[in-house]
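Colleague: Could you take me through this one? I have a few quick questions.

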Amino acid sequence: MKAVEGCVGKLEPCDRPTRDPNGHDRRCRPWAGRRDLMRICLPLRVLPFAIDFAIVIGTFSTMLLATGCNRRAAAVAGMAVSFDGSTGEVSIPVVTETTANVTLESWVKLPTGAKGCFVKIGDANTGYGIGVGSSHTSFDAGNAGNALIGLYENVAWIYPAGNPTVSTGVWHHIAFVIGKSDSAPTFYIDGSAYAATARATPHAPANSAAIGDDRGTNATLAKVAVYNSALSAARITAHASATTDATYDTAVLADSPVAFYELNEENGPSAGDSSGNSNTGTYKGKVAFLNPGPFVSTQQPNSLRKTGF
């Protein structure tokens, strides 16, 4: 294995730009927004391996293992994030403002007593979202259930024909495709399509957007994507039928999402956007980072640490 470039062993204030012996910029980022903390970066090179230990010194000391002192926690294939149904969320930019030809997509694993919105683009008065609740109600906290429900905020609750439900305890691929204005959107569960029972046009999203927060979900989510296009049934099927992280990611990126949150971090606060559009999200409240995710037959917690960012 190739040795990894690391930090030289010296004490330095955060945000102080220095260069290591190889000429690499070594600006250390402040820990959780604190600029009064100091950091020691000590390289430990064992044979061809390079491991950097970064010790953060301040009012609360901790140690973290990383491959460099100026990088966020590494993404790990096969991760997922569980939300507490109350405070947990990933705050994201308003990645689209369109009211037509848009797709919301995620892998979802529901607990018993499932509730809440998986992803919502727009604030409390605008936009659209997808989640679950009691059949033909809403995904508000008092309506727990596993019936798939869409929302056009301040316009209508949207229901799929046939009242399909999402079974608990296993992973499902979920998509919500909004077509042209004043048309019926289409719901998908594992590639199977369900037309909405009513036509409507949503308000343009504005001001805020989130994964897991709006009418807080208690689901486990992975690979949330948003597209400025109405994906075809064939493309949804191509996504839903993927059997590995790699093939799924390839299928998603082929359709040019405006944001793609794999939720594959081992901790926060940043939730990376794999679309290439730099729409980075921020973990907030109580979430659990889990491993494995949707492409493994069972899921055991990699860490049950609850984090409040």
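Predicted model: local features only at pLDDT ≥ 70, side-chain atom pairs only at ≥ 80, totals over all residues.

Colleague: At what angle do H1 and H2 pack?

Modeller: Helix H1 (residues 233-240) packs on helix H2 (residues 245-253) at about 160°, with the axes 8 Å apart; helices here are DSSP runs of H or I, at least four residues long, numbered from the N terminus, and axes are lines fitted to C-alpha atoms over the stretch in contact, with angles from 0 to 180 degrees between N-to-C directions. The two are therefore roughly antiparallel, a term for angles over 145 degrees.

Colleague: Which residues make that contact?

Modeller: Arg 235, Ala 238 and His 239 of H1 meet Tyr 248, Ala 251 and Val 252 of H2, where contact means heavy atoms within 4.5 Å.

Colleague: Switching topic, is Ala 240 buried or exposed?

Modeller: Ala 240, which lies in helix H1, is buried at a relative accessible area of 17%, since buried means under 20% and exposed over 50%, with partly exposed in between, using a 1.4 Å probe and protein chains only.

Colleague: And what does Ala 240 touch?

Modeller: Not counting residues up to four places away in sequence, Ala 240 touches Trp 107, His 173, Asp 190 and Gly 191. The C-alpha atoms of Ala 240 and Ser 106 are separated by 9.9 Å, although these residues are 134 apart along the chain.

Notes: Residues numbered from 1 in each chain as written. Heavy atoms only, no water. Parallel < 35°, antiparallel > 145°, perpendicular 65-115°, else oblique.
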